[in-house]
Amino acid sequence: MSTSSSTGTSISGIPRFTGDAAPYPGGDPYADYRGADFPFATLPDLADRRLGGAVLAASDEFFAERENLLLPGPARFDPERFGHKGKVMDGWETRRRRGGSAGDPCPADHEHDWALIRLGVPGVVHGIVVDTAHFRGNHPQAVAVEGTELPGTPSPAELLAPGTRWTALVPRTPVGGHAANGFAVRDRQRWTHLRLSQFPDGGIARLRVYGRPVPDPDWLAALGTFDLAALENGGMVEDASDRFYSSPLNTIRPGGSRRMDEGWETRRRRDKGHDWVRYRLAGRSVPRAVEIDTSEYKGNSAGWVALFALDAGGGGADPAEGAEGWTELLPRTALQPDTVHRFVLPGDRTATHLRMEIHPDGGIARLRVHGSLAGE
Ligand SMILES: NC(=O)NC(NC(N)=O)C(=O)[O-]
């Protein structure tokens with residue numbers, strides 16, 4: 001049996017994998033996986049199940065359920081696991097499409113399977129990864145991704161209605177099996193839902209939709225006081241000193257942290273420095289109270305914390321590390337392990353950015369910054 005496999009680079013400089021992967025050779029199933037460091041993958045995954053992303057419907061899910069597409073973490077492969085329907089796969093896998101007759105056994109060129117995805121947070125998409133991990137010989141030949149922006153909570157029927165306008169984010173493009181197929185997205189519109197198509201059929205392990213959250217401004221205005229740092233409200237991590245054990249993005253995810261790896265934990269520092277995260281707040285705003293949560297960090301909680309604010313409104317100040325204009329919101333304060341700490345802030349300072357310093361290193365599970373938009 002011959003397999004065709006090729007790797008190239010697209011115009012955008014993103015690595016491109018096409019063709020089959022070799023049959024599973026035994027041993028570590030990831031040993032021959034084709035992956036890449038995509039420049040957009042530091043942004044949050046807007047479709048993440050933990051943010052509320054969902055696969056609302058799919059044309060078919062005979063071999064493996066559509067919900068697997070949005071699970072956090074890499075897809076697993078157990079060569080020994082078979083069920084009543086076939087090989088148990090950690091992904092979304094449809095049955096083989098067939099043509100209409102003995103003389104015409106192959107599906108027509110336009111035939112394909114589709115899945116409808118609701119983003120956990122609406123936003124601007126910068127890059128998409130269609131991960132075909134462990135799908136070798138049963139991955140799609142090509143994929144396409146489209147986006148739409150609809151108010152409220154449309155049903156699958158409404159999304160599928162002929163009046164719904166879909167815009168191509170990734171045109172129909174050949175992909176590789178057992179590979180992270182990455183696509184840079186240029187369109188800077190806001191999207192609420194995506195449609196993932198695979199031609200003509202096959203299996204996709206994970207879908208990642210990297211971008212910047214853009215919540216509904218009317219909703220934030222109606223709320224008045226809300227968490228200015230939360231991802232779902234448009235807060236973002238701009239930079240951090242350390243991502244060794246886990247991502248600083250975790251500090252602004254919804255809900256509490258139930259395990260050490262659901263927060264932000266830095267490596268042990270062996271110098272006299274400290275770790276930090278720089279956040280961009282939902283907008284120019286007035287932070288009034290913060291919650292700093294060290295849940296699940298016991299022998300490795302951050303020792304002390306300090307907070308600084310910067311108002312870069314009007315493009316005046318540069319938020320980059322070491323820039324002028326940062327003012328202290330919370331002086332260096334001792335933290336307890338596995339505890340939610342509450343601090344009232346001066347409440348009279350406008351800010352677009354916030355820097356959290358932890359001394360010297362350690363873990364922070366969540367940061368909540370309660371306040372309201374400055375009004376303009
Ligand atoms: N060996 C397979 O994976 N075969 C089939 N898929 C599953 N999941 O059994 C197929 O037709 O692609």
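1. **Strand pairing.** Helices (H or I, at least four residues) and strands (E, at least two) are DSSP runs here, numbered from the N terminus, and two strands pair if DSSP finds at least two bridges between them. β8 and strand β9 (residues 167-174) are antiparallel, with five bridges. On β11 (residues 190-199), strand β8 (residues 142-148) has seven bridges, again antiparallel; there, E146 is partnered by R195.

2. **Ground rules.** This is a predicted model, so to speak of local features pLDDT must be at least 70, side-chain atom pairs count only at pLDDT 80 or more, and totals for chains, interfaces and linings use all residues. Residue numbers start from 1 along each chain as its sequence is written.

3. **Domains.** The assignment, automatic or from a database, gives domain 1 (5-213) and domain 2 (217-373). Their centres, taken over C-alpha atoms, are 33 Å apart. Six residues of domain 1 contact seven of domain 2, where contact puts the C-beta atoms, placed from the backbone, within 7 Å. The domain 1 side of that contact has four nonpolar, no polar and two charged residues. For those classes, Ala, Val, Leu, Ile, Met, Phe, Trp, Tyr, Cys and Pro are nonpolar, Asp, Glu, Lys and Arg charged, and the others, Gly among them, polar.

4. Beyond four places in sequence, V209 touches D45, L46, A47, L119, V125, I128 and L194.

5. **Ligand shell.** F63, G86, K87, M89, E93, R96 and N138 surround the ligand, each with its C-beta atom, placed from the backbone, within 6 Å. By class that's two nonpolar, two polar and three charged.

6. **A58.** This residue lies in strand β3 (residues 54-58). Why is A58 partly exposed? Because 19 other C-beta atoms lie within 10 Å, while buried takes 20 or more and exposed 12 or fewer, with C-beta atoms placed from the backbone. Leaving out neighbours within four places, A58 contacts R66, W92, D113, W114 and A115. The C-alpha atoms of A58 and L160 are 11 Å apart, at 102 residues' separation along the chain.

Definitions and conventions: Contact = placed C-beta atoms within 7 Å.
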